[in-house]
Amino acid sequence: VNTILKEADLFCPNSVRINFTIYLMSIPFVLNIPVVMLCALVLYKIGFLTPGWIVITAILPMGFGSYLSTLSWRNALTDYLMLIPSALIWYPFFKVYEKQLIAKEAAVEAEEKRAAVSNQGNAPMQPVKPEKEV
């Protein structure tokens, strides 16, 4: 992937990196919904969740809407429990993205350090300003 990105810098340096990040994060974005829905389906089939029978037209915080539409605390709890498979899906992709950002940051710091060392010998001396006499 790094070779592809380096070769692509010749033609379109920014768009390739942006697109790669978008593609990387689109995988868990698309994968998360079917996994959570499959977990909910299994919980309905085993009888843990109750189907909603009260129509709630308001937008309510997480857990409240499912509780008020079913009057079952298990449905409210399930909203929070579904964060676990979501986190398990997203975590590896965040770690890959974090490694990319750390490598990019290290490259920028190395470049700045190299530029500072090369400019150190070429920098002219700054004249010292005399202090004002009172």
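What share of the contacts in the chain with a separation of 6 or more comes from residues 24 or more positions apart? Such residues account for 52% of those contacts, a contact being heavy atoms within 4.5 Å.

**Basis of the model.** This is a predicted model, in which local features need pLDDT of at least 70 and side-chain atom pairs count only at pLDDT 80 or more, while totals for chains, interfaces and linings use all residues. Residues are numbered from 1 along each chain as its sequence is written, and side-chain values use heavy atoms, with hydrogens and water left out.

**Confidence and overall architecture.** The predictor's confidence in each residue is expressed as pLDDT, from 0 to 100. The chain has a mean pLDDT of 82, and 74% of its residues reach 70 or more. Five helices and zero strands are present in the chain; helices (H or I, at least four residues) and strands (E, at least two) are DSSP runs, numbered from the N terminus.

| Helix | Residues | Mean pLDDT |
|---|---|---|
| α1 (lowest confidence) | residues 2-8 | 52 |
| α4 (highest confidence) | residues 73-81 | 95 |

Of the 134 residues of the chain, 16% count as buried, that is, under 20% relative accessible area, with exposed meaning over 50% and partly exposed in between (1.4 Å probe, protein chains only). The accessible surface comes to about 11200 Å², and 69% of this belongs to carbon and sulfur atoms; the areas come from the Shrake-Rupley method with a 1.4 Å probe, and for residues only the protein chains shown count as cover.

In the loop between α3 (64-70) and α4 lies Leu71, which has a positive phi of about 55° although it is not a glycine. Within helix α4 itself lies Thr78. Because its relative accessibility is 5%, Thr78 counts as buried. Leaving aside residues up to four places away in sequence, Thr78 touches Leu43, Phe48 and Leu49.

**Packing of α4 and α5.** Two packed helices are described by the angle and the distance between their axes. The axes of α4 and helix α5 (residues 83-120) come within 5 Å and cross at roughly 10°. Axes are lines fitted to C-alpha atoms, for helices over the stretch in contact, and angles run from 0 to 180 degrees between N-to-C directions. Helices α4 and α5 are therefore roughly parallel to each other; angles under 35 degrees count as roughly parallel, over 145 as roughly antiparallel, 65 to 115 as roughly perpendicular and the rest as oblique. In this contact, Asp79, Tyr80 and Leu81 of α4 meet Leu83, Ile84 and Pro85 of α5. These residues divide into five nonpolar, no polar and one charged.

Notes:
Nonpolar A, V, L, I, M, F, W, Y, C, P; charged D, E, K, R; others polar.
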